[in-house]
Amino acid sequence: MRRLRRSLAAKLLAAQALVIVAGSVTLALVALAVAPGLFHEHVRDALGVVPEDVSRHLDEAFNDSVLFALGIAIAAATLTAAAVSWFLSVRIVRPIARLAVAAERIAHGSYGERVSVTGSDELAVLASAFNDMAAALESAELRRRQLLSDLAHELRTPLATIDGYLEGVRDGVVPASAETWAVLETESGRVRRLVADLQKVSRAEERQLDLRVRSVTVATIVDAAVAAAEPAYASKDVRLETLVSGRLPKLAVDPDRIGEVLGNLLDNALRHTPQGGSVEIRAERHGDDVALTIADTGEGIAPEHLDRVFERFYRVDSGRTRDRGGSGIGLAIARALVEAHGGRVHAESDGPGMGARFVVSLPMEGQSPRFGT
Ligand SMILES: Nc1ncnc2c1ncn2[C@@H]1O[C@H](COP(=O)(O)OP(=O)(O)OP(=O)(O)O)[C@@H](O)[C@H]1O
Ligand SMILES: [Mg+2]
């Protein structure tokens, strides 16, 4: 980095030296070519014909004063150039060198690296954009680490059970009965589901899903999701109501994927709503979007968790939810699938005990989806 600073500062100085040399040479040439003639003319006009030795004296005096003036001018220009180079080096080259050092440190894994932002010029804008980028990298790295440790944690439990049973059967302590196989199958199924879920989120997030988009009515999608969820609702005695407003625009979506999103949301709503409660699935138009809302009368979500429930492996009450079979990936899949369609999903709740609402907004058919951001 020091090399960068030196070479940039040297280039600045060299550029200015070039200007000074060109200026001085031009000045000297003009002074030599024009000034003596003009001087002699003026002497002749003022004094008439002067004796030879006086003329030589006058010439010498004139040449000395021109040379002296030229020398002073070159010295002043050189000093100014040096001062300007130093100033530019401090104001431009040093901040750039600092940015380069910070970028190099980040490239080697020091994600906490930041640069100071002073003033409001283009360099300050660059420094502040650099800091934003560093912060984004730092949080991505944090999420990656969290994800790995969560994944290890999720895999440990079923694998420990499988290991324990296999060891027990081998040592003759656990009978190789149908019950044992059933436990082993359940646990290996958990691992398989986890891997499949993670793969689905990754593929949806990387837009690698093969979406079979077609034109469908909202009622078709909602009815299919409700029909699939009804038996589970009936067995827990939770009421499931549908409210689809008439004359809704059609959607251009993959009905299976959006069906899966609604299935996940209905499954969550049922899981978090006590017996005797109710869940409503509503569809209405909001501007150019169709909003599908799944509202329950269950345990609700505290405000600080509303955004985080969409993160992979995030559970509000991990101990309790894990017992109920959740691994915390359902909403991450739902968000990735909705965003792959150019839509949005968010959670609302008036707090614990007040029920929760999950709103899926999808652009109506013919409307350009908002991918990204
Ligand atoms: N309707 C709801 N009411 C209250 N809390 C909810 C509701 N839906 C989701 N949550 C909270 O959000 C967390 C994340 O939900 P998500 O669907 O991602 O995972 P999960 O249901 O625990 O497991 P999975 O869906 O992978 O089987 C849940 O563990 C729960 O704490
Ligand atoms: Mg879920």
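G189 counts as buried, at 14% relative accessibility; buried means under 20% relative accessible area, exposed over 50%, and partly exposed in between, with a 1.4 Å probe and protein chains only. G189 sits in helix α4. From G189 to V238 the C-alpha distance is 28 Å, across 49 residues of sequence.

This is a predicted model, in which local features need pLDDT of at least 70, side-chain atom pairs count only at pLDDT 80 or more, and totals for chains, interfaces and linings use all residues. Residues are numbered from 1 along each chain as its sequence is written, chains are lettered from A and ligands numbered from 1 in the order in which they are written, and side-chain values use heavy atoms, with hydrogens and water left out.

**Overall form**

- The protein has eight helices and seven strands. Helices (H or I, at least four residues) and strands (E, at least two) are DSSP runs, numbered from the N terminus.
- The protein is more spread out than a compact globule, because its radius of gyration is 39 Å, well over the 21 Å that the globule rule gives for 373 residues. The radius is taken over C-alpha atoms, and the rule is 2.2 Å times the number of residues to the power 0.38.
- Along the principal axes, the C-alpha atoms fill a box of roughly 135 × 65 × 35 Å.
- Of the 373 residues, 32% count as buried.
- Among contacts with a separation of 6 or more, 71% join residues 24 or more positions apart. Contact means heavy atoms within 4.5 Å.

**Surface and charge**

- The accessible surface comes to about 22,300 Å², and carbon and sulfur atoms hold 58% of it. Areas come from the Shrake-Rupley method with a 1.4 Å probe; for residues, only the protein chains shown count as cover.
- The protein carries 43 positive and 49 negative charges, with mean positions 3 Å apart. Lys and Arg count as positive and Asp and Glu as negative; His and the chain ends are not counted. Each charge is placed at NZ of Lys, CZ of Arg, CG of Asp or CD of Glu.

**Helix α4**

- Helix α4 covers residues 178–205, and its 28 residues should span 40 Å at 1.5 Å a residue. Its end C-alpha atoms are 40 Å apart, which agrees. The expected span is 1.5 Å times one less than the number of residues.
- Buried residues of α4 include T180, L184, E187, V191 and L194.
- The buried residues of α4 pack against α3 (122–170) and α8 (330–340).
- Just after α4, R207 takes a positive phi of about 55 degrees.

**Helix α8**

- Eight of the eleven residues of α8 are buried, so the helix is largely enclosed by the rest of the structure.
- Among them are L331, I333, L337 and V338.
- The cover over the buried residues of α8 includes α4, α6 (255–271), β6 (344–349) and β7 (356–363).
- G342 follows α8 and has a positive phi, near 80 degrees.

**Positive phi in loops**

- Most residues other than glycine have a negative phi.
- D237, not a glycine, has a positive phi of about 60 degrees. D237 lies in the loop between α5 (218–236) and β2 (239–244). Its relative accessibility is 46%, so D237 counts as partly exposed.
- F313, also not a glycine, has a positive phi of about 70 degrees. F313 is in the loop between β5 (289–296) and α7 (318–323). F313 is buried, with a relative accessible area of 5%.
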